[in-house]
Amino acid sequence: MQSITITAPVTHVLDVQNLSVSRSGKVIIRDINLSIKKGEFVGLVGPNGSGKTTLILATLGILKAQSGHVSIYGHQPMSRGLNGKIGWVSQAAANLPKEIRLTVRELVRLGTLNSHNLFWRVRSEKESIDKAIKMVGLEDVQHTDIARLSGGQRQRAVIARALASNADFILLDEPLVGIDRDSRNSLLKLLDLLCHNEGKTIFMISHDLTAIRQTAHRMIYLEESIRFDGPSEDFPDLDKLADLRGIEPVHNSDGTHHDHSKEE
Ligand SMILES: Nc1ncnc2c1ncn2[C@@H]1O[C@H](COP(=O)(O)OP(=O)(O)OP(=O)(O)O)[C@@H](O)[C@H]1O
Ligand SMILES: [Mg+2]
């Protein structure tokens with residue numbers, strides 16, 4: 001007898017097809033194709049101005065696509081079905097204005113405003129806030145003013161705000177900037193645990209190539225288009241990266257000048 005296997009259609013957390021985005025008439029990102037599955041931790045790297053923030057803003061539907069298609073959990077960006085499912089930690093999010101007097105707990109509570117279901121909110125608002133604060137390890141300072149926190153703690157508070165909405169897909173733009181090495185390492189560990197233990201999906205921009213490469217499962221190198229997308233352990237070293245970018249070597253590895261005339 002013939003057996004029939006029924007496979008459920010795979011709904012990716014994120015599906016981007018042939019996406020191009022222009023800003024002020026200039027093409028910033030071109031022909032982007034990318035899918036992210038549940039539980040993946042994806043690092044997005046590339047030089048300054050290469051379009052990383054643009055890609056994330058277009059993914060969220062904040063910037064309009066010139067062409068192509070984006071779907072998140074099978075929905076169009078910004079649609080109602082996505083309410084509360086997406087956490088966004090923006091570039092310099094931890095540089096919260098000092099003049100705003102807000103405790104960690106109050107900041108995290110702002111995250112729950114995302115939920116459109118009032119009944120759900122009343123019942124589990126406290127629970128969500130407690131859980132989010134615990135997940136980032138800020139129980140001890142939850143009643144402290146955010147202005148008095150260290151950079152790393154403030155970054156954790158901002159992440160807790162994203163978690164408080166029960167977001168499953170968390171996008172972070174440069175969360176490691178301005179924090180010391182220990183805080184950086186524990187923040188990366190926290191994000192890794194969120195993937196493994198809580199089933200969260202993480203898409204994170206970082207300039208800290210070494211750090212992100214050690215933590216993310218998969219790396220994407222963007223420079224107008226995607227030049228590399230694969231497992232972190234296969235991420236090219238600096239020489240190969242220069243190749244991908246079409247940069248010719250000017251120095252040999254021993255520091256002497258590269259002599260192009262000797263090349264075949
Ligand atoms: N509002 C805007 N109008 C026109 N061009 C813009 C606008 N914002 C950004 N750009 C340009 O788009 C390009 C990509 O910017 P984007 O912020 O996406 O880069 P990025 O990779 O995030 O850089 P960084 O690492 O510095 O954050 C840059 O050349 C930038 O000057
Ligand atoms: Mg940016």
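Over which residues does pLDDT stay under 50? That's residues 258–264, for which the model has 4 contacts beyond four places in sequence; a contact is two residues with C-beta atoms, placed from the backbone, within 7 Å, and pLDDT is the predictor's confidence in each residue, from 0 to 100. The chain averages a pLDDT of 84, with 84% of the residues scoring at least 70.

This is a predicted model, where local features need pLDDT of at least 70, side-chain atom pairs count only at pLDDT 80 or more, and totals for chains, interfaces and linings use all residues. Residues are numbered from 1 along each chain as its sequence is written, while chains are lettered from A and ligands numbered from 1 in the order written.

The chain has 7 helices and 9 strands (DSSP runs, H or I of at least four residues and E of at least two, numbered from the N terminus). Of its 264 residues, 34% count as buried, meaning 20 or more other C-beta atoms, placed from the backbone, within 10 Å of their own.

Now look at helix α1, residues 52–60: 7 of its 9 residues are buried, so the helix is largely enclosed by the rest of the structure. Among those buried are K52, T54 and L55. Just after α1, G61 takes a positive phi of about 90 degrees.

Technical notes
Buried ≥ 20, exposed ≤ 12 C-beta atoms within 10 Å, placed from the backbone.
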